[in-house]
Amino acid sequence: MNTVWSTYIQKIPTLYLTRSLRFSDRYKEKYMTAFAIDSQKSLLEIGCGPGALTEALARWYPEMQVCGCDRDTNFIRFAREKAPNIPFFEEDATKLSFADESFEVTISNTVSEHIEPSAFYGEQYRVLKHGGVCLVLSGRRGIVHNAPCVSETSEFEKEIWSRVSAVCEEMDRKNAVCAYPMNEMEMPKAMERHGFHDISTEYLTVNLTPDHPCFSREEAFAIIESHRASALNGIGIMKDTVGNMVSADEIAEMERLTNARYDKRIALYDAGIKQWDTYMSLTMVLRGVKR
Ligand SMILES: C[S@@+](CC[C@H](N)C(=O)[O-])C[C@H]1O[C@@H](n2cnc3c(N)ncnc32)[C@H](O)[C@@H]1O
């Protein structure tokens with residue numbers, strides 16, 4: 001249908017790696033308690049991206065028919081390859097092709113702020129059965145402390161970012177990225193305005209601190225690598241969009257510097273030199289019922 005998100009905004013590795021960590025089985029009980037959907041039998045994830053949450057839901061609710069949809073062709077192709085047993089559909093959330101009252105649960109993560117609220121809630125209300133549950137997950141301000149070795153930015157990089165920043169901001173505006181932001185008080189009101197009842201909110205923290213002893217070496221590396229992917233994401237997007245403003249050599253140098261910093265972070269981990277860099281996400285879970 002389109003590939004706007006995966007080309008211009010967030011690439012597959014960025015979303016898949018970061019979300020796989022956030023929706024790991026380590027946090028299953030927390031999420032399942034907040035969701036409170038144990039008796040429901042069918043679920044549609046809206047704006048599922050590459051499908052990390054959809055996969056987690058299929059693992060956590062083996063009795064439920066779980067499926068995901070997104071407008072971005074690249075995400076859906078990746079999600080289907082990764083999890084061939086889960087149905088993934090290319091769909092526009094503002095005009096879903098599903099019949100009225102098709103699902104018992106709809107869920108989304110960090111999607112509500114990108115879609116006009118009447119269409120976002122209205123379509124979910126329509127496809128939900130009576131008694132069905134709408135879950136809206138939304139990333140709130142967490143705590144991020146990068147290790148000193150990855151947070152440094154050279155003058156060379158600063159100059160390139162300032163060269164392209166205005167064009168990048170304009171592109172986000174054009175693609176309606178975060179065009180409908182709402183705070184923690186506005187979100188439940190929006191859900192209520194669109195017909196939902198029994199509305200509640202929960203807040204879940206996920207503490208991704210590589211040096212925490214609860215994480216194995218493999219898990220600590222996954223955390224660091226997800227941040228490398230996010231850092232490289234910006235450079236990749238720059239290459240694909242405003243490549244005419246930056247030379248291939250400059251892009252290659254930026255990638256080299258970024259990789260060198262994350263290689264250093266990995267080396268510090270392996271040498272047992274703790275950094276205590278912390279990435280703590282705070283997720284709001286908004287829950288409402290269609291009576
Ligand atoms: C911030 S990403 C989140 C993706 C995924 N939920 C996750 O957490 O990894 C926002 C997603 O919403 C999707 N999206 C935006 N507008 C959409 C629309 N009108 N219909 C379907 N998907 C949409 C984008 O393609 C993208 O995958």
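**How the terms apply to this predicted model**

The chain holds an open sheet of seven strands in the order β3-β2-β1-β4-β5-β7-β6, with mixed pairing. This is a predicted model, in which local features need pLDDT of at least 70 and side-chain atom pairs count only at pLDDT 80 or more, while totals for chains, interfaces and linings use all residues. Residues are numbered from 1 along each chain as its sequence is written.

Q: What makes β3 and β6 the edge strands?
A: Two strands pair if DSSP finds at least two bridges between them, and β3 (88-90) and β6 (197-208) each pair on one side only, so they are the edge strands.

Q: Why are the buried residues of α6 said to be on the same side?
A: In α6 (residues 117-127), Phe120, Tyr121, Glu123, Gln124 and Val127 are buried, that is, each has 20 or more other C-beta atoms within 10 Å of its own, with C-beta atoms placed from the backbone. They cover an arc of only 160° around the axis, taken from the directions from the helix axis to the C-beta atoms, which puts them on the same side of α6.

Q: How do you know that the chain agrees with a compact globule?
A: The globule rule is 2.2 Å times the number of residues to the power 0.38, and the radius of gyration is taken over C-alpha atoms; for 291 residues a compact globule would have a radius near 19 Å, and the chain has 20 Å, which agrees.

Conventions. A residue is buried if 20 or more other C-beta atoms lie within 10 Å of its own, exposed if 12 or fewer, and partly exposed in between; C-beta atoms are placed from the backbone. Helices (H or I, at least four residues) and strands (E, at least two) are DSSP runs, numbered from the N terminus.
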